[in-house]
Amino acid sequence: MAKSISARHDMPRQEPGVRRHNFQEVALGYDQETAVAEANRCLECKNSPCVRGCPVEIDIPAFIREIKKGNFAESIKIVREKNSLPAVCGRVCPQEDQCEKVCTLGKKAQPVAIGRLERFVADYERERRPVAGMPQHATSGKKVAVVGSGPAGLTVAGDLAKLGYRVTIFEALHKPGGVLVYGIPEFRLPKAIVQEEVDYIQKLGAELRTSVIIGRTITVDELMADGFEAVFIGSGAGLPKFKGIPGEQLNGVLSANEFLTRSNLMKAYDFPTHHTPIRVGKRVAVVGAVDSARTALRLGADDVAIVYRRSRDEMPARAEEVENAEEEGVRLDLLTDPIRLIGENGWVKAMECLRMELGEPDASGRRQPVPIKGSEFITPIDTVIMAIATSANPLIRQTTPSLECNKRGYIVAGEETGKTSKDGVWAGGDIVTGSATVILAMGAGMKAALDIDRYLRSK
Amino acid sequence: MNTILTKKSVADSTSLFVVEAPQIARKAQAGQFVILRVVQEGERFPLTIADFDREAGTITLVSLSIGASTMVLETLNEGDRILDVAGPLGNPTRVEKVGVVACVGGGVGIAAVHPVARAFRDAGNCVISIIGAKSKSKLFWEDKMAQASTELIVTSDDGSAGRQGFVTQRLQELIDAGRKIGLVFAAGPAIMMKMVAKTTLPSGIKTIVSLNPVMIDGTGMCGGCRVVVGGQQKFTCVDGPDFDAHEVDFDLLLTRLTAYRNEEEVTRCRCKGTREL
């Protein structure tokens, strides 16, 4: 072999100096030759720990085997058996925490680039079988309502439409995709891909209704009175949290959700052609996230720092994105926590932080950050983006009294079934677990779809 | 859906739109709003539901052409469709029988006050409505407000309509005259609502205002509409839009409303007088 088996093939990317000025996709994808070469690194080990490492248990060795043989069409079929959004997951899954973490090859060398291979076959399919050319299916079974068109809702809708149910997806925003469209930037996940996935699910027979807010326009009880025999709630955990520190209400301080909604959903990076504005100063601090930092850079900031109170190892962001961010010039201000924002004329102009050190692990298993006394310091900052956490959207909880929620507002649902306390109602994704990954939401959607099918067949 | 069935100019730069929106009309209650997107590149922005007809399946919106989004809306005509209309959003106004209720509407805020005045009147209250604007050319719905209220007081800054003066002066006169006002509801420019709060504070009359911060999604997911009420952060779109006026930090609201002033000027200039931006 020309290349040592220990080194995995790099993902071709736009040059950092170029890509920090545009919103086009950074990762360009493997070509066929590279994909086959990378696939050939897979040992097809007996154990296949990668399958168990995958939240939806894709038959990874099998799909990689088909790539080795050049059977890309066959390969994507295998992926699609377990994953209804492969072009998305291949791009956004934190594979380094999932399949690639436990890869047998990874013990002695670098793990097989499973995610990049998934993306490769998903894109191969997209290019050769455009959704536009697919036949439109009609379904005639029992009516199911899906609330939210994020990864959980899209998965439930697709799986149930395939089984012949008449599915209607209700989306509160004017564009479908949920966090895929408002949260993840264009340069990581092109919105055209999200739209194709949504189109595909509609071709399967699911109906999509946008700008309908379940809990306001229609309540869950009204849906059921209207003939929907099952309801899946995938409304997400979009309510942004703020730190509660002084100065957080100053102009120039915003939640990552707001910043990304302006940029991604409303295309504010294209202002003034798109009318929604977005303001980014010269010196930007992003507290707790990578996507906003890279977006701020692209919007013209001179200096962008990610301020994070733990260390690099604890960062929940996808490893490749942290790498990309640093290459693009984003600074990492680790073990640092903002305690005060200082303003002038109503605008933020400086940030006071404390240095932290890592102490004992907390309930989540991560080491707790502990402030270092006397380490306060002030830096000039003119934009602060808070990406610390989100919590459950309250609209459905407030208007569906018989739905049991925990004290933090998340819906209580069975882990293996997604069943809630309300008869005929399931839930999955962030509205159950709190803020988590796309693939976990998808996994929850798959389980709920199976249980809904079981329930409806027994009625 | 979302077709404009009727469009009428009701005042200077102010148009009324009756929009086909049966699902929203069915659920709409006084105090709630919708989020609109007029064209693909347009912003999402809120407008209070000024009236609704559940049987006809329509909602009525009143828009003052003041920025790019409202100017683009103004270019639409009967038969045109508004791209997206989502709602009804926000908590409905809490309507109780208190006796005498004063409803104060300033400028385009008159539209927001209209359904609330009517709801309080229908609940058995004596509703005294005070409506005001800079001048007669900016006033509208005197007839509708008269219908929705028990008493109507009209005022204008320049005296061209009703008595000369501000809505707050009329309100102060009612208080001074010993009218037993149990509740004041006000909607209009933030500065006006701030002044209404100031006016009622000494006598401690419970005062509710319908806040109007900048909004982007309107469903609770971005925090752009956050306000501080009683020292606590609230999201106008899911916790409001109604809040206790004496607890609202109006100065903060006024400052936050200016955050995108420069950008708003850019889009306003681009669309002045043209159909496309």
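This is a predicted model: local features need pLDDT of at least 70, side-chain atom pairs count only at pLDDT 80 or more; totals for chains, interfaces and linings use all residues.
A residue counts as buried when its relative accessible area is under 20%, as exposed when that area is over 50%, and as partly exposed in between.

**Exercise 1.** Find out whether B:Asp84 and its salt-bridge partner B:Arg37 are buried or exposed, and which strands they lie in.

*Solution.* 
- Step 1: Start with the pair itself. The closest N and O atoms of B:Asp84 and B:Arg37 are 2.7 Å apart, and a salt bridge needs such atoms within 4 Å.
- Step 2: Now place both ends. B:Asp84 sits in strand S7 (residues 84-89) of chain B and B:Arg37 in strand S3 (residues 33-37) of chain B, so the bridge ties together parts 47 residues apart in sequence.
- Step 3: Check the accessibility. B:Asp84 comes out at 9%, so it's buried. B:Arg37 has 5%, so it's buried too.

**Exercise 2.** Work out which chain A strands are tied together by the salt bridge between A:Arg331 and A:Asp303.

*Solution.* 
- Step 1: Look at the gap. The closest N and O atoms of A:Arg331 and A:Asp303 are 2.9 Å apart, and the two form a salt bridge.
- Step 2: Find the strands. A:Arg331 belongs to strand S9 (residues 331-333) and A:Asp303 to strand S8 (residues 303-307), so this pair links parts of chain A that are 28 residues apart in sequence.
- Step 3: Sort the two ends. A:Arg331 has a relative accessible area of 36%, so it's partly exposed. A:Asp303 has 18%, so it's buried.

**Exercise 3.** Classify both partners of the salt bridge between B:Arg94 and B:Glu96 as buried, partly exposed or exposed.

*Solution.* 
- Step 1: The N to O distance for this pair is 2.8 Å.
- Step 2: B:Arg94 has 62% relative accessibility, so we call it exposed.
- Step 3: B:Glu96 has 36%, so it's partly exposed.

**Exercise 4.** Locate A:Ser211 and say which chain B residues it touches.

*Solution.* 
- Step 1: A:Ser211 is in the chain A loop between strand S3 (207-209) and helix H12 (220-225).
- Step 2: With a relative accessible area of 8%, A:Ser211 is buried.
- Step 3: Leaving out residues up to four places away in sequence, its contacts in chain B are B:Asp84, B:Val85 and B:Ala86.

How values were computed. Residues are numbered from 1 along each chain as its sequence is written. Chains are lettered from A and ligands numbered from 1 in the order in which they are written. Side-chain values use heavy atoms; hydrogens and water are left out. A salt bridge is a side-chain nitrogen of Lys or Arg within 4 Å of a carboxyl oxygen of Asp or Glu. Helices (H or I, at least four residues) and strands (E, at least two) are DSSP runs, numbered from the N terminus. Buried means under 20% relative accessible area, exposed over 50%, partly exposed in between (1.4 Å probe, protein chains only). Contact means heavy atoms within 4.5 Å.
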